[in-house]
Amino acid sequence: MATKRGRCDEHQPQPWAGRSSLRERYGMSSGTMRALKRQVMARDNGCCYICGGEGAEELEHKIPISQGGAPRDLDNLGVVHAGCHEVKSKREALEGRQRARVKLRQEKAGG
């Protein structure tokens with residue numbers, strides 16, 4: 001029986017399926033990402049750079065790589081709570097879709 005997005009539990013899409021590896025996305029290994037995370041965790045004492053709360057565990061690029069953020073720059077890296085990360089990622093995805101629509105309209109108007 002369909003439970004979510006028109007599919008049964010057994011046939012739900014896999015999160016991140018088909019997504020490129022860290023090496024392909026950022027040009028670095030997962031070991032390098034772990035080392036960067038350790039540095040940022042020590043610097044920020046595990047505090048979320050978005051809400052300031054303690055217990056943040058996810059490493060995140062403050063300025064997305066797709067928008068010109070540096071993948072290895074410690075100033076562009078912060079730790080965040082999962083919930084804060086999700087909200088920020090959804091907002092960035094919406095903004096990206098809006099930019100794509102504007103670009104498409106401009107291309108259609110010019111061409």
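Start with the cysteines: the disulfide count for this structure comes to zero. The model you have open is predicted, and a few selections will show what sits where.

**Stop 1: the cysteines**

Select Cys47 and display its sulfur. The closest cysteine sulfur belongs to Cys48, 8.7 Å away, which is too far for a bond. Colour Cys47 by accessibility and you will find it partly exposed, with a relative accessible area of 24%.

Now select Cys84. Its closest cysteine sulfur is also in Cys48, at 3.7 Å. Cys84 counts as buried, at 19% relative accessibility; the cut-off for buried is under 20%.

**Stop 2: helix H3 from end to end**

Cys84 is one of the buried residues of helix H3, so select the whole helix next, residues 82–110. H3 has 29 residues, and the distance from its first C-alpha to its last is 42 Å, close to the 42 Å expected at 1.5 Å a residue.

Which residues of H3 are buried? They are Cys84, His85, Lys88 and Glu92. Highlight these four and then show strand E1 (58–61) and strand E2 (77–80), as these are the strands that the buried residues of H3 pack against.

**Stop 3: Glu60 in strand E1**

Move over to strand E1 and pick Glu60, which lies in it. Is Glu60 buried or exposed? Glu60 is buried, with a relative accessible area of 6%.

Leaving aside residues up to four places away in sequence, the contacts of Glu60 are Tyr49, Asn76, Leu77, Gly78, Val80, His85 and Lys88. For His85, draw a distance between the side chains: a polar contact of 3.1 Å joins it to Glu60.

**Stop 4**

The structure has five salt bridges by count. Side chains of opposite charge can pair when their charged atoms come close.

- Lys90 and Glu86: their side chains form a salt bridge, 3.1 Å from N to O. The two are four residues apart in H3, about one helical turn. Lys90 is exposed at 55% relative accessibility, while Glu86 is partly exposed at 43%.
- Glu95 and Arg91: here the closest N and O atoms of the salt bridge are 3.7 Å apart. This pair, too, is separated by four residues of H3, about one helical turn. Both partners count as partly exposed, Glu95 at 31% and Arg91 at 44%.
- Lys88 and Glu92: the closest N and O atoms of this salt bridge are 2.3 Å apart. Both residues lie in H3, four residues apart, about one turn of the helix. Lys88 counts as buried at 6% relative accessibility, and Glu92 counts as buried at 16%.

The spacing has a simple background: an α-helix has 3.6 residues a turn, so residues three or four places apart point the same way.

**Last stop: the network**

What joins Glu60, Lys88 and Glu92? Salt bridges that share partners link these three residues into one network.

Definitions and conventions
Residues numbered from 1 in each chain as written. Predicted model: local features only at pLDDT ≥ 70, side-chain atom pairs only at ≥ 80, totals over all residues. Heavy atoms only, no water. Expected span 1.5 Å × (residues − 1). Buried < 20%, exposed > 50% of the residue type's maximum accessible area, 1.4 Å probe, protein only. Contact = heavy atoms within 4.5 Å. Polar contact = N/O pair within 3.5 Å; in protein donor to acceptor, adjacent residues only side chain to side chain. Disulfide = S-S within 2.5 Å. Salt bridge = Lys/Arg side-chain N within 4 Å of Asp/Glu carboxyl O.
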